[in-house]
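Biologist: I am new to this structure. Could you walk me through how to read it?
Modeller: Gladly. Have a look at it, then ask away.

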Amino acid sequence: MNPVAKIHTSGGVITVELYPEAAPNTVRSFIWAANEKMYENRLIKRIVPGFVLQPSYCYFDEKRCDYMIEGEFAANNIDNPIKMEKYTVAMAGDGEKEAHGCEFFITLTDEAGEKLQGRFAPFGKVIDGFEEVDRLASVELKRVYPENMDNAVVNQPVKDEYMLHVEVETFGVEYEKPEIKYWVK
């Protein structure tokens with residue numbers, strides 16, 4: 001049985017099935033980050049309508065979980081069979097070799113998934129709480145960074161939204177600490 005994560009937000013719960021057979025180190029990283037409470041009371045800082053909801057964006061001041069792991073995706077010559085489509089959960093990263101250790105996102109459309117396929121590490125799928133993903137994807141936003149770049153838009157909710165905590169049911173399976181490449185300074 002695959003592990004199941006419950007992502008508690010300001011407005012509800014998003015339930016995600018994790019796929020350790022497809023992205024073992026990425027799943028271990030997500031579970032470890034949740035167990036280490038790295039996802040506790042995180043202000044949701046990045047929503048790109050029609051593209052991604054990124055509840056754990058670390059760019060501004062969240063150094064407590066700012067580490068990199070090997071990217072489990074095709075661009076890094078690693079076979080990951082998970083299809084990126086609407087409601088796929090994947091780990092952010094450089095799109096070439098590395099994945100961010102705990103900076104995950106949820107794709108908001110099939111088209112977004114197609115653009116991201118093979119360059120980011122999918123490791124789960126939303127199985128319940130679709131209405132909460134859709135609610136967060138439609139809140140009023142303000143652009144906070146960058147002011148004049150097109151490739152990494154950061155829109156933050158006008159009214160603060162939080163990822164309160166993440167709990168993972170592993171059904172008795174022990175997951176080791178992930179293999180961390182390095183901590184970002």
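Biologist: Where is the place of K97?
Modeller: First, a caution: this is a predicted model. K97 sits in a loop. That loop runs between strand 7 (88-93) and strand 8 (98-107).

Biologist: Is K97 buried, partly exposed or exposed?
Modeller: Compare its relative accessibility with two cut-offs. Buried means under 20%, and exposed means over 50%. K97 has 44%, so K97 counts as partly exposed.

Biologist: Which residues is K97 in contact with, leaving aside neighbours within four places in sequence?
Modeller: There are E70, G71, F73 and N76. Separation in space is another thing to read. Take K97 and V158: they are 61 residues apart in sequence. From C-alpha to C-alpha, they are 34 Å apart in space.

Biologist: E70 came up there. What is the bridge partner of E70 in strand 8?
Modeller: The partner is E98. Now step back to the strands themselves. Strand 6 and strand 8 are joined by 3 bridges and run antiparallel.

Biologist: In which sense do strand 6 and strand 13 pair?
Modeller: Antiparallel again, over 2 bridges. Here strand 6 covers residues 67-70, and strand 13 covers residues 182-183. On this side, M68 has Y182 as its bridge partner.

Biologist: How do side chains point along a strand?
Modeller: In a regular strand they alternate between the two faces of the sheet.

Biologist: Now a helix. Is N25 buried or exposed?
Modeller: Use the cut-off again: buried means under 20%. N25 has a relative accessible area of 8%, so N25 is buried. N25 belongs to helix 1, residues 24-35.

Biologist: What does the side chain of N25 reach?
Modeller: It reaches the backbone nitrogen of E179, at 2.8 Å. N25 also touches I69, E72 and P178, besides E179. That list does not count residues up to four places away in sequence.

Biologist: How many residues has the largest nonpolar core?
Modeller: A core is a set of buried nonpolar residues joined through their side chains. The largest one here has 39 residues. Those with the most contacts inside it are L18, F30, Y39, F104, F123 and V166. Helix 1 gives the largest share of this core, 6 residues.

Biologist: Which residues does V166 touch, not counting those up to four places away in sequence?
Modeller: V166 touches A5, K6, I7, F30, A34, Y39 and E40.

Note on methods. Residues are numbered from 1 along each chain as its sequence is written. This is a predicted model: local features need pLDDT of at least 70, side-chain atom pairs count only at pLDDT 80 or more; totals for chains, interfaces and linings use all residues. Side-chain values use heavy atoms; hydrogens and water are left out. Helices (H or I, at least four residues) and strands (E, at least two) are DSSP runs, numbered from the N terminus. Buried means under 20% relative accessible area, exposed over 50%, partly exposed in between (1.4 Å probe, protein chains only). A polar contact is a pair of N or O atoms within 3.5 Å; within protein, one must be able to donate a hydrogen and the other to accept it, and residues adjacent in sequence count only if both atoms are side-chain atoms. Contact means heavy atoms within 4.5 Å. Two strands pair if DSSP finds at least two bridges between them. A nonpolar core is a set of buried Ala, Val, Leu, Ile, Met, Phe, Trp, Tyr and Cys residues joined through side-chain atoms within 4.5 Å.
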